[in-house]
Amino acid sequence: MTDTETIARAVDGDEAAQRVLYETFYAAAFRLAYLLLRDGNDAEEVVQDGFVYVFRNLQRYDPERGSFWTWLRIVLVSRCRNKRRRRQLHLVSLELLDGVGASSADPEPASDPASALEMRGTRLAVWEALQQVSPGARETLVLRYYEGLPYAEIATILGCSADAARARAAHGKAQLRRLLAAPEEEVACWRKERLPLP
């Protein structure tokens, strides 16, 4: 059964088809929400709320405007923004982020333990710095580099032009460069202020 057939059956109220859509897209939806919110409970709440909205509004889905996954991403990004507005989120311990952002397309870790530790340290440093980037730029960077999306699709999801998405990414990368090049004393200061101890 294709996505189109599944969606058509789900629109008609077929719960089995809705379950297939949920099971197909849940993991990717949770990953995206977690990357944007940095909290497992909040991500789960947003994903559930997003799926409820999608299933209630399936008749509004237009395949001419994009894939089902693109539409679900738009809903999720919007819900994540709302969640951030409602309350100030606390950052989770970096130890909990082990493996976040990894996908089956990621290369195998280096067989040399020193290289593996260096790679992990680099990923953690980038992740820490990403938390300090402005929210709009962070959304764009997550969609571009963690989700691997082209700027045209990012623009659709964020409701902006492709040029604006490129500009947000460039702005975010500039912020990351500044943060990653900051003297160690500054880095320690913002780590202490923004990241709770495990």
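# Notebook: a helical chain, looked up piece by piece

I began with the length of α6. Its 12 residues, at 1.5 Å a residue, should span 16 Å, and its end C-alpha atoms lie 15 Å apart, so the two values agree. I note here that the model is predicted.

**α6, continued.** I asked which residues of α6 are buried. They are Ala137, Arg138, Glu139, Thr140, Leu141, Val142 and Leu143. I then looked at what follows the helix. Glycine 148 comes after α6, and its phi is positive, near 70°.

**Whole chain.** I counted nine helices and zero strands. Read along the sequence, the pattern is α-α-α-α-α-α-α-α-α. The chain has 198 residues, and buried ones make up 39% of them. I also checked contact range. Of the contacts with a separation of 6 or more, 64% join residues 24 or more positions apart.

**Core.** I looked up the largest nonpolar core and found 46 residues in it. Phe68, Leu72, Leu76 and Leu143 have the most contacts inside it. At least two residues of this core come from each of α1 (3-11), α2, α3 (40-56), α4, α5 (113-130), α6 (135-146), α7 (151-158) and α8. Which helix gives the largest share? I found that α2 does, with 10 residues.

**Leucine 76.** I took one of the core residues with the most contacts, Leu76, and listed its partners. Setting aside neighbours within four places in sequence, leucine 76 is in contact with Ala29, Leu32, Val46, Val47 and Trp69.

**α2 against α4.** Next I looked at how these helices pack. The angle between α2 and helix α4 (residues 68-86) is about 40°, and their axes are 10 Å apart. Their crossing is right-handed. From α2, the residues that meet α4 are Leu21, Phe25, Ala28, Ala29, Leu32, Ala33, Leu36 and Leu37. From α4, they are Phe68, Trp69, Leu72, Arg73, Leu76, Val77, Cys80, Lys83 and Arg84. I sorted this contact by class: 14 nonpolar, no polar and three charged residues. For the spacing of such lists I recalled that an α-helix has 3.6 residues a turn, so residues three or four places apart point the same way.

**Tyrosine 22.** I stayed in α2 (residues 15-37), where tyrosine 22 sits. Tyrosine 22 and glutamine 48 are 26 residues apart in sequence, and their C-alpha atoms are 9.6 Å apart in space.

**Arginine 38.** I moved on to the loop between α2 and α3, where arginine 38 is found. Arginine 38 is not a glycine, yet its phi is positive, about 65°.

**Glutamine 175.** My last entry is in helix α8 (residues 162-181), which holds glutamine 175. Its relative accessibility is 10%, so glutamine 175 counts as buried. What does glutamine 175 contact, leaving aside neighbours within four places in sequence? I found Gln132, Val133, Ser134 and Ala137. Of these, Ala137 was already on my list of buried residues in α6.

Notes
Residues are numbered from 1 along each chain as its sequence is written. This is a predicted model: local features need pLDDT of at least 70, side-chain atom pairs count only at pLDDT 80 or more; totals for chains, interfaces and linings use all residues. Side-chain values use heavy atoms; hydrogens and water are left out. Helices (H or I, at least four residues) and strands (E, at least two) are DSSP runs, numbered from the N terminus. Axes are lines fitted to C-alpha atoms, for helices over the stretch in contact, and angles run from 0 to 180 degrees between N-to-C directions. A crossing is left-handed if the near helix is turned anticlockwise from the far one by less than a right angle, and right-handed if clockwise. Contact means heavy atoms within 4.5 Å. Ala, Val, Leu, Ile, Met, Phe, Trp, Tyr, Cys and Pro count as nonpolar, Asp, Glu, Lys and Arg as charged, and the others, Gly among them, as polar. Buried means under 20% relative accessible area, exposed over 50%, partly exposed in between (1.4 Å probe, protein chains only). A nonpolar core is a set of buried Ala, Val, Leu, Ile, Met, Phe, Trp, Tyr and Cys residues joined through side-chain atoms within 4.5 Å. The expected span of a helix is 1.5 Å times one less than its number of residues.
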